[in-house]
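Student: I have a protein model to work through. Can we take it in short questions and answers?

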Amino acid sequence: MALEIQENVPLAPLTTLGVGGAARFFVAATEHHDVEGAVAFARNKSLPLFVLGGGSNLVISDRGWNGLALQIEIQGLHHQRSAGGKIIFDVGAGMNWDTFVAQAISRKCAGVECLSGIPGSVGGTPVQNVGAYGQEACETIVSVLTFDLTENRVRELTTKECEFSYRESIFNTSQRGRHIILRVRYALVPQGQPALRYGDLQKYFADCDGEPTLSEAREAVRKIRARKGMLISPGDPDSRSAGSFFKNPIVTRLQHEDLTRRAAEKGLQVPAYPALSQQHKISAAWLVENSGFRKGYAKGRAAISSKHALAIVNRGGATAAEILSLRDEILARVEETWGIRLEPEPVFVGF
Ligand SMILES: Cc1cc2nc3c(=O)[nH]c(=O)nc-3n(C[C@H](O)[C@H](O)[C@H](O)COP(=O)(O)OP(=O)(O)OC[C@H]3O[C@@H](n4cnc5c(N)ncnc54)[C@H](O)[C@@H]3O)c2cc1C
């Protein structure tokens, strides 16, 4: 089938935040050869290429993308037992992530249950090594199949080669823009127990008798996420976001001392959550809320979610410029108050 190349395709509806302009050219790839065709098209026309998954971690500029936007829609899910007894799932990069999690859990496989309800595609999960409620994608990713634009060939990268860390991998740092992810391979534990490391989850099951099942853990995660506006629900205006807008900062001992001193001057105590403290992380939500911002604070049509201090939401008809203006106000006030420069988490496209 010939590659269908569309022109002037609005990108806002393809994102969860819903802001920004159009892509000059657009291709939706359902097969590996579509990807190679789209790359050839972009090269022939000397166009910059942007790869789009589920659009849940993006802020598109009001000018849009003056190049080719390539949306990965490659489906497919195959599973087999490995020699070590784990179940290996090969999943097309375009598959919806939460659909894959539901399928893994229906087969009683553990390892991704705490990542239930994260929007976006399977191919998006290695990019920023998604994580939630004490689990990270890198704990189960075995390899990532990519089209390497530098070597112009399909390659299978091992977990080690992906260099995963907190919200990072080679895909969003040292080799940003080099790989188009085609398929991700995960190794899950058959008949495994759910990981209930996180405070919120432990509290949820505190009064339950016996061990919760994987399905119960998934349901709990989705309920907790919905309460925070972190589950995409059409009826919830607080879920019209790009998720957490800022990463939890990793601080040095000196920065932590400075923060503790500044907090004491205000009669506050820096909260210590075991899950964050182990990695020397500070809660970005706490920093935002203690810099004079309250949940629901609005600036034009952009606002802080009324359920979660870390999410910036589009209240309806917002422009990317309005989102950025609120971002900058938060960054400046947190830095002035706490001496810490927060790092935004979403990817900014076309700025
Ligand atoms: C309500 C809400 C809650 C969220 N909660 C969490 C959370 O708990 N934890 C968390 O880590 N994240 C969370 N996120 C952020 C987001 O869902 C994840 O980062 C997700 O993995 C992004 O996947 P995507 O397919 O939507 O990628 P996109 O947003 O489309 O793209 C993000 C980046 O990945 C790249 N990319 C995507 N697909 C490919 C591919 N196939 N090949 C190469 N590059 C690709 C893009 O070029 C871009 O740089 C949340 C977002 C929302 C809206």
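Student: How many bridges join S14 to strand S17?

Tutor: This is a predicted model: local features need pLDDT of at least 70, side-chain atom pairs count only at pLDDT 80 or more, and totals for chains, interfaces and linings use all residues. Residues are numbered from 1 along each chain as its sequence is written, and side-chain values use heavy atoms, with hydrogens and water left out. Strands here are DSSP runs of E, at least two residues long, numbered from the N terminus, and two strands pair if DSSP finds at least two bridges between them. S14 and S17 (residues 311-314) run antiparallel, and the number of bridges joining them is 2.

Student: Which residue in S17 is the bridge partner of Ser244?

Tutor: Strands of a sheet pair through backbone hydrogen bonds, either parallel or antiparallel. For Ser244, the partner in S17 is Ala311.

Student: Which strands stand at the edges, each with a single partner strand?

Tutor: The open sheet has 4 strands with antiparallel pairing, in the order S14-S17-S16-S15. Each edge strand has a single partner, so one side of it is left without a neighbour in the sheet. The edge strands are S14 (241-244) and S15 (298-299).

Student: Is strand S7 buried or exposed?

Tutor: Buried means under 20% relative accessible area, exposed over 50%, and partly exposed in between, with a 1.4 Å probe and protein chains only. On one side of S7, Ile87, Phe89 and Val91 are buried; on the other, Ile88, Asp90 and Gly92 are buried. In S7 (residues 87-92), 6 of the 6 residues are buried, so the strand is largely enclosed by the rest of the structure. The answer for S7 is buried.

Student: Which side chain does a polar contact of 3.5 Å join to that of Glu151?

Tutor: Glu151 sits in the loop between strand S11 (141-148) and strand S12 (153-158). Its relative accessibility is 37%, so Glu151 counts as partly exposed. A polar contact is a pair of N or O atoms within 3.5 Å; within protein, one must be able to donate a hydrogen and the other to accept it, and residues adjacent in sequence count only if both atoms are side-chain atoms. At 3.5 Å, the partner side chain of Glu151 is that of Arg178.
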